[in-house]
Amino acid sequence: MTGTCPRWLRLLVVAAAGTVVLGACAPTASTTTSSPKAGGKLTVASWQEQDSLLACNITSAASHACAYINPAMEGLLTVKANQDPLPTNPKLSDYWVPELATEVPTLENGDVKVNVNKMDVTWKLRHGVKWHDGVAFTSKDVKATFDFWWLKYRDKNPTPLLSTSGWDQVDSVDTPDDFTAIVHFKSVYAAYLTLGTGPYGVLPEHLLQQVWAKTGDITHDKVTVSIPGGYSGSDTLDKVMVGTGPFMFKEWVTGDHLTLVRNPHWWGGGGRPYLNEIRVKFDADANTELNELRTNTVDMALDLRPSLLPSLSRQSDVTTVTILDSASEHLDINLHNTFLKDVTLRKAILMAIDRQRIVDTLLLGRTVVPPDAWMCIQTGAWCLDPNAKHTPYDVAAANKLLNDAGYKLETSGPCKGFRTDPQGRCVQLHLITTTLPLREEQEVVIASDLAGIGIQIIKPFANVPASRMFGSCTSGGIIYSHNFDLAMYTNNYSYPAEPDSLAYTAYHSSQIPTDANGCVGQNTTFMSDPQLDQALDQARLSVKLSDRKDKYIVAQKRLADVIPEIPLYQAVDVEAYNKKLAGYKGNEFWWMNQSADWYISQ
């Protein structure tokens with residue numbers, strides 16, 4: 001990758017006449033050269049309405065929630081757009097842009113100081129910023145946010161958090177003045193840039209105080225809010241937002257729409273934001289989004305599926321951008337399942353699925369099959385194992401593996417045509433996923449491939465809506481309750497080029513969600529391996545990438561051996577917008593990032 005290329009592998013732009021431009025250094029999606037114009041409204045379609053606004057990396061990890069809260073809620077840092085260039089051999093700090101902070105803290109600029117085994121990070125904060133309700137933003141808000149996540153309740157937070165990772169790392173926060181916050185860590189914590197950054201990176205101290213005066217659960221305790229030109233009333237923070245971003249929360253009509261209005265006092269300057277209003281319209285599915293884009297009912301469609309690319313390319317007034325993600329569509333394997341706890345069976349399943357055929361036929365060749373351990377996908381060379389294992393599709397080898405391990409292919413009886421395990425039990429598995437056409441097609445392929453080695457996938461498939469699939473274990477969510485055999489979905493990084501944001505919560509044994517720990521963590525497979533835990537722990541103990549890489553290579557090798565999941569293909573984002581919209585840049589993490597720059601060109 002050169003210094004003028006985008007940071008990710010590929011960016012695909014489908015132009016007006018359906019022309020496809022694909023390359024390592026593709027052009028940006030927004031090619032309008034007109035001057036920005038103030039005013040206008042934009043309607044954005046989202047097919048995955050969330051039950052809570054806090055589903056953006058607080059109570060769960062939902063990309064759609066992060067999309068429509070991102071214009072309102074800011075953090076200390078935000079991420080660069082996918083088209084924005086990086087220097088050769090970038091550092092982690094190069095992936096970030098200061099937002100409520102004025103610079104990215106690093107060892108080099110002196111904002112990060114390591115003393116023996118402890119670490120201090122100084123955040124220099126922006127002046128002249130106000131919350132949407134008019135209260136001044138200060139270092140007290142940063143301290144209160146760290147208190148909320150890690151210090152006030154430690155690992156016993158009344159709010160049902162997605163993860164409390166970091167509670168045992170953050171020691172205290174000092175605020176020597178209104179525009180400086182110093183975070184003291186008990187030990188070196190290499191993923192420090194992920195704390196306090198992105199949407200909901202900083203929460204308003206004055207509203208947290210209202211919650212702390214009650215039960216301390218921000219999904220339960222109502223706060224009183226008054227946003228001039230926006231929302232006024234009382235509700236929980238999972239139903240209303242008070243941020244510092246270019247757009248302010250006005251209303252959320254469940255099942256229909258969410259409205260954000262222009263923040264006339266945004267700190268960004270330059271007459272931004274240009275738009276007066278962004279209306280998020282909630283649709284039933286991606287096909288509905290596509291139809292509404294065709295009829296100009298909506299101006300932008302979020303998270304369209306790769307299977308819709310041919311249809312999109314025929315729309316003369318639509319620009320479509322496809323970005324390879326730091327994510328993998330994969331099969332979670334429940335390691336407590338009677339059959340799947342046998343690594344031999346897991347290896348056979350991995351060899352038996354023709355993943356390249358899925359890529360070529362169902363995804364039109366727009367993506368790739370990742371290595372067996374995909375945790376360093378899209379991070380650049382600093383993290384990825386140069387000898388990463390890629391298990392090939394090999395039905396004959398899979399059958400031999402099962403035969404040698406005592407799995408018998410039955411020719412009669414109740415298991416006819418399928419295998420029994422060494423104890424004589426029929427090997428039958430449930431495969432579950434969300435109710436999306438592409439995933440349902442993938443299920444058919446996977447079930448057929450596994451039947452080819454005598455593994456029976458029970459039919460009909462019992463697929464569920466995304467809200468049921470990804471709900472907290474306290475509310476009976478499928479994957480967090482471990483209520484599955486094989487579960488197919490996409491898991492992704494929360495932050496750029498930082499494997500800790502995924503690997504620790506997804507694979508460390510301390511992050512197995514249970515009712516007892518309040519559903520904390522994303523280790524949905526029951527992965528518990530001391531060698532892997534040690535590698536993930538040690539990878540956190542140095543800020544230098546070179547010191548971390550060896551530990552992550554150990555982790556990748558261990559994951560490839562244990563096989564807690566089967567990566568199918570590198571996930572892709574497909575976003576589309578009407579050509580009257582200008583100023584848009586693609587962003588894999590938060591799809592409506594940089595919305596302050598959007599404007600209507602026609």
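**Exercises on disulfides, a serine and a helix pair**

Cys415 and Cys426 form a disulfide (a pair of cysteine sulfur atoms within 2.5 Å), with their sulfur atoms 1.4 Å apart. The model is predicted, so local features need pLDDT of at least 70 and side-chain atom pairs count only at pLDDT 80 or more, while totals for chains, interfaces and linings use all residues. Residues are numbered from 1 along each chain as its sequence is written, and side-chain values use heavy atoms, with hydrogens and water left out.

**Exercise 1.** Determine the handedness of the disulfide of Cys415 and Cys426, and state where the two residues lie.

*Solution.* Step 1: the torsion about the S-S bond of Cys415 and Cys426 is about -60 degrees, so this disulfide is left-handed. Step 2: Cys415 is in the loop between strand S17 (408-409) and strand S18 (419-420), and Cys426 is in the loop between S18 and strand S19 (428-429), so the pair ties together parts eleven residues apart in sequence. Here helices (H or I, at least four residues) and strands (E, at least two) are DSSP runs, numbered from the N terminus. Step 3: the relative accessible area of Cys415 is 8%, which makes Cys415 buried, whereas Cys426, with 23%, is partly exposed. Buried means under 20% relative accessible area, exposed over 50%, and partly exposed in between (1.4 Å probe, protein chains only).

**Exercise 2.** State how many disulfides the model has, and describe the link of Cys56 and Cys66.

*Solution.* Step 1: the count comes to three disulfides. Step 2: the sulfur atoms of Cys56 and Cys66 are 2.1 Å apart, and with 95 degrees about the S-S bond their link is right-handed. Step 3: this pair links distant parts of the chain, ten residues apart, with Cys56 in the loop between strand S3 (41-46) and helix H1 (63-69) and Cys66 in helix H1. Step 4: both Cys56 and Cys66 are buried. Step 5: Cys376 and Cys383 also form a disulfide, with sulfur atoms 1.6 Å apart, and each of these two residues is buried.

**Exercise 3.** Locate Ser510 and find the side chains with which its own side chain makes polar contacts.

*Solution.* Step 1: Ser510 is in the loop between helix H11 (500-507) and helix H12 (530-539). Step 2: with a relative accessible area of 38%, Ser510 is partly exposed. Step 3: the side chain of Ser510 makes a polar contact of 2.9 Å with that of His508 and another, of 3.3 Å, with that of Gln511. A polar contact is a pair of N or O atoms within 3.5 Å; within protein, one must be able to donate a hydrogen and the other to accept it, and residues adjacent in sequence count only if both atoms are side-chain atoms.

**Exercise 4.** Describe how H12 and helix H13 (residues 545-562) pack.

*Solution.* Step 1: H12 and H13 pack at an angle of about 155 degrees, with their axes 8 Å apart. Axes are lines fitted to C-alpha atoms, for helices over the stretch in contact, and angles run from 0 to 180 degrees between N-to-C directions. Step 2: H12 and H13 are therefore roughly antiparallel, since angles over 145 degrees count as such, under 35 as roughly parallel, 65 to 115 as roughly perpendicular and the rest as oblique. Step 3: the contact (heavy atoms within 4.5 Å) includes Leu532 and Leu536 of H12 and Tyr552 and Leu559 of H13.
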